[in-house]
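Hi,

Here is the structure I promised to pass on to you.

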Amino acid sequence: MKNAKIVLGVSAGIAVYKAVEILRLLVKEGADVRVVMSANAGQFVTPLTFEALSGNPVYHTLFDSQNSADMEHIRVAENADLLVVAPATASMLGKMAHGLADDALSNLYLAFKGSVLIAPAMNEGMWGHPAVRENIGLLKSRGLEFVDPEYGELACGVTGPGRLADTSVILEKIRSFFNQRNDLNGMRFLVTAGPTHEPIDPVRYLSNPSSGKMGYAIAEQAKTRGGEVVLISGPTSLKPPSGVNFKPCKTADEMNSLVQECLQNCDVLIMSAAVGDFSPEKLEKEKIKKQGNEGLVLKLVPTKDILLEVAQRNLGKLVVGFAAETQNLVESALEKLKKKNLDLIVANDISAPGIGFQSDSNQVTIIDRDENIENLPLKPKRDIADLLLDRILSLLKSPEL
Ligand code: CTP
């Protein structure tokens with residue numbers, strides 16, 4: 001974990017003393033650790049202990065004039081790769097789930113954009129309470145990772161689930177996060193995302209409800225895992241992930257030009273954009289006016305199929321397509337896989353509720369060239385992105401490619 005940048009968030013439970021051990025071991029393995037404490041964590045172990053062991057100032061109060069002035073917590077949040085909250089109390093989980101920010105740790109959490117690992121510890125009654133279960137479900141659906149507490153004797157005297165996971169288990173989870181991080185080192189990804197806008201006149205266009213979330217998650221995870229990423233995106237309301245080479249576009253035609261231009265310098269193309277299949281034959285220069293009760297007939301012409309063009313150029317890249325279907329999911333996806341000469345296709349049923357275009361989660365089926373079909377369960381888009389990147393990585397390493 002040499003030079004890994006970690007924020008260790010400590011909230012107020014009896015298990016705070018174990019956070020001291022986690023910090024000591026992380027520092028021993030070469031990590032650069034900043035400690036951030038909740039309002040009451042200092043009742044168990046003083047900030048000074050964490051300061052001495054980390055060699056860094058500890059952020060533990062919101063209203064310290066010196067630290068507040070230079071927005072210390074924002075800077076800490078911006079520079080770290082992973083936030084580990086250990087122990088996470090029921091109260092801290094509630095604040096994180098509902099966006100409350102009334103102390104140093106809950107503030108930092110809201111400002112933090114990287115990955116988050118949570119190790120809860122609490123009384124077994126609290127652990128089983130529906131409010132806590134719901135908060136954990138909410139945080140998991142947003143892609144946060146958990147190391148569940150262990151069963152055993154708790155500080156309150158009872159025996160049950162709630163004891164902070166063993167330090168070695170938490171450490172292993174942190175190590176695997178950083179090991180996975182660099183497995184795409186040296187690989188170049190070209191990712192497309194979002195819808196396209198096909199203009200009708202200066203104020204109207206044809207489009208679809210794609211949010212771009214899936215493609216942005218792929219770009220972000222590929223970057224996080226050490227890949228070099230170009231993200232070509234149609235119009236979305238998302239912020240481009242940091243560190244990716246971002247190329248915005250509007251129309252299918254513009255997206256096609258960008259893809260063909262960038263293709264040479266990539267190893268893998270992932271076409272997750274919902275490219276418009278038709279555009280108006282003619283772009284009206286002025287806004288089309290209503291003509292009484294008369295309807296409007298628009299003549300549409302097909303856009304260029306970007307993937308087909310890529311297949312024709314035959315540059316030997318690994319190519320992944322998406323298939324958004326409302327019926328015959330597998331058959332339609334297989335047909336596209338063959339027609340567009342793809343290495344992998346990711347199919348999703350956009351008619352199913354809770355998945356697809358605007359959602360934070362997705363349920364997809366991945367099909368490869370040999371027609372191996374893998375149905376993945378409903379998962380946050382970031383997890384789907386990671387699983388897809390795992391499949392791409394194993395294909396890149398396979399001798400047949
Ligand atoms: N695609 C593309 N160029 C287009 C349209 C789609 O490269 N003009 C890509 C998409 O990015 C996706 C794949 O082709 O990776 C399949 O897109 P989809 O819209 O599901 O299928 P179409 O080929 O457009 O076929 P249909 O709309 O008839 O299902």
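Below are my notes on the domains, the salt bridges and one serine.

Please keep in mind that this is a predicted model.

Let me start with the overall layout. The protein is split into domain 1, covering 5-181, and domain 2, covering 183-396. On the domain 1 side, 10 residues take part in the contact, and on the domain 2 side 11 residues do. Taken over C-alpha atoms, the centres of the two domains are 36 Å apart.

The interface itself buries about 790 Å² between domain 1 and domain 2, with 34% of that on carbon and sulfur atoms. Of the area that domain 1 buries against domain 2, 58% is supplied by Gly143, Gln180 and Arg181, more than by any other three residues. On the side of domain 1 that touches domain 2, helix H8 (130-141) and helix H9 (167-181) are the elements that give two or more residues.

Now to the salt bridges, of which the whole structure has 21. Three of them may interest you:

- Asp183 and Arg225 meet at 2.8 Å, N to O. This pair links distant parts of the chain, 42 residues apart: Asp183 lies in the loop between H9 and strand E8 (188-193), and Arg225 in the loop between helix H10 (213-224) and E11. Salt bridges with shared partners join Asp183, Arg225, Asp386 and Asp390 into one network. Arg225 counts as buried at 1% relative accessibility, while Asp183 is partly exposed at 25%.
- Asp103 pairs with Lys95, their closest N and O atoms being 3.5 Å apart. Asp103 is buried, at 4% relative accessibility, and Lys95 is buried too, at 14%.
- Arg24 bridges to Glu21 with a closest N to O distance of 3.1 Å. The two sit 3 residues apart in helix H1 (residues 16-28), so about one helical turn separates them. Arg24 is partly exposed at 37%, and Glu21 is partly exposed at 32%.

Finally, what does the side chain of Ser233 make a polar contact with? Its partner is the side chain of Tyr216, at 2.8 Å. Ser233 belongs to strand E11 (residues 228-233) and is buried, with 1% relative accessibility. Beyond its neighbours within four places in sequence, Ser233 is in contact with Ala193, Tyr216, Phe246, Lys247, Pro248, Cys249 and Met255.

Best wishes

Terms used
Residues are numbered from 1 along each chain as its sequence is written. This is a predicted model: local features need pLDDT of at least 70, side-chain atom pairs count only at pLDDT 80 or more; totals for chains, interfaces and linings use all residues. Side-chain values use heavy atoms; hydrogens and water are left out. Helices (H or I, at least four residues) and strands (E, at least two) are DSSP runs, numbered from the N terminus. Buried means under 20% relative accessible area, exposed over 50%, partly exposed in between (1.4 Å probe, protein chains only). A polar contact is a pair of N or O atoms within 3.5 Å; within protein, one must be able to donate a hydrogen and the other to accept it, and residues adjacent in sequence count only if both atoms are side-chain atoms. Contact means heavy atoms within 4.5 Å. Domain bounds come from an automatic or database domain assignment. Buried area is the accessible area (1.4 Å probe) that two parts lose on being put together, summed over both. A salt bridge is a side-chain nitrogen of Lys or Arg within 4 Å of a carboxyl oxygen of Asp or Glu.
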